[in-house]
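Biologist: Please show me the model. I would like to ask how the chains meet.

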Protein chains: 2
Amino acid sequence: MTIFTRIDHVGIACRSLRSSIEFYQSTFGLEVAHLEVNEEQGVTEAMLSVGPSGSYVQLLEPLHEDSPVGKFLARRGEGVHHIGYAVEDISEAMAEIGGTGVRVLDSRPRHGSMGAAIAFLHPSDVGGVLTELVGRQATSSGEKRTSRDS
Amino acid sequence: MTIFTRIDHVGIACRSLRSSIEFYQSTFGLEVAHLEVNEEQGVTEAMLSVGPSGSYVQLLEPLHEDSPVGKFLARRGEGVHHIGYAVEDISEAMAEIGGTGVRVLDSRPRHGSMGAAIAFLHPSDVGGVLTELVGRQATSSGEKRTSRDS
């Protein structure tokens, strides 16, 4: 069974959201679809649409140095922080993947960009890639909810 | 103008292509669309389809330690090596992006996965992200060629 249905986004850590947005706009023609502060994750972030297929470049600027993205920048500098893959059903995906032995870092879905319900997988269990599962609310049937209030 | 039309692939450096393929298949349900040895780039690589939109996870195992991916593994370990974005016309994209001051590492398109014509951008000019332009042959009009023989 296919669990990943799309590359939802590439999460890129940057020091200045403003200048990174300007760079991606002026150099590659990408436009901002969404801007958001996520206090829980300690970031200000921008989602830039890449083509019509629902994929994004996600630019992440830390709100403070001891946030995960702040620590990443201090350790490795600017660059790719994580990869987000779309899944049909976030809870099902968490259960299936967790069942294979990969550590799911969230016990239940939490709030991601643009109202998505998300969960992270431990990078050591995914070949060094911090991997995010992204369940967007605008899909099919069922009890899907965003976890904006989680 | 939009230059990037799709996230073509996420390029992931791994030590064992065989075990990484098996992991992505069994854990996330991704299937191998293509396997290839690219002597020029010093890698054996697998393209795994992610959904119907033409995006891939590209797994890269170095052919030898002093190849770019071999050095990356020695320095940083397994993880995301580069991001590939689809462009309509590779030569136009190289010229436009080069014109903004970003260093294009290839003077002309070279051979990438699945017959694509590709070029890399200097990561220091793209916020720490090694960025690949991917022109697939199955697009629109014009003189598009793959650079398989370059």
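Biologist: How many salt bridges are there between chain A and chain B?

Modeller: This is a predicted model, where local features need pLDDT of at least 70, side-chain atom pairs count only at pLDDT 80 or more, and totals for chains, interfaces and linings use all residues. Residues are numbered from 1 along each chain, chains are lettered from A in the order written, and side-chain values use heavy atoms, without hydrogens and water. A salt bridge is a side-chain nitrogen of Lys or Arg within 4 Å of a carboxyl oxygen of Asp or Glu. Between chain A and chain B the count is zero.

Biologist: Which element gives the largest share of the side of chain A that touches chain B?

Modeller: Helices (H or I, at least four residues) and strands (E, at least two) are DSSP runs, numbered from the N terminus. Elements giving two or more residues to this side include α1 (17-28) and β4 (55-62) of chain A. The largest share is six residues, and it comes from β1(A).

Biologist: How much area do chain A and chain B bury between them?

Modeller: Buried area is the accessible area (1.4 Å probe) that two parts lose on being put together, summed over both. Of the area between chain A and chain B, 68% is on carbon and sulfur atoms. The total is about 2900 Å².
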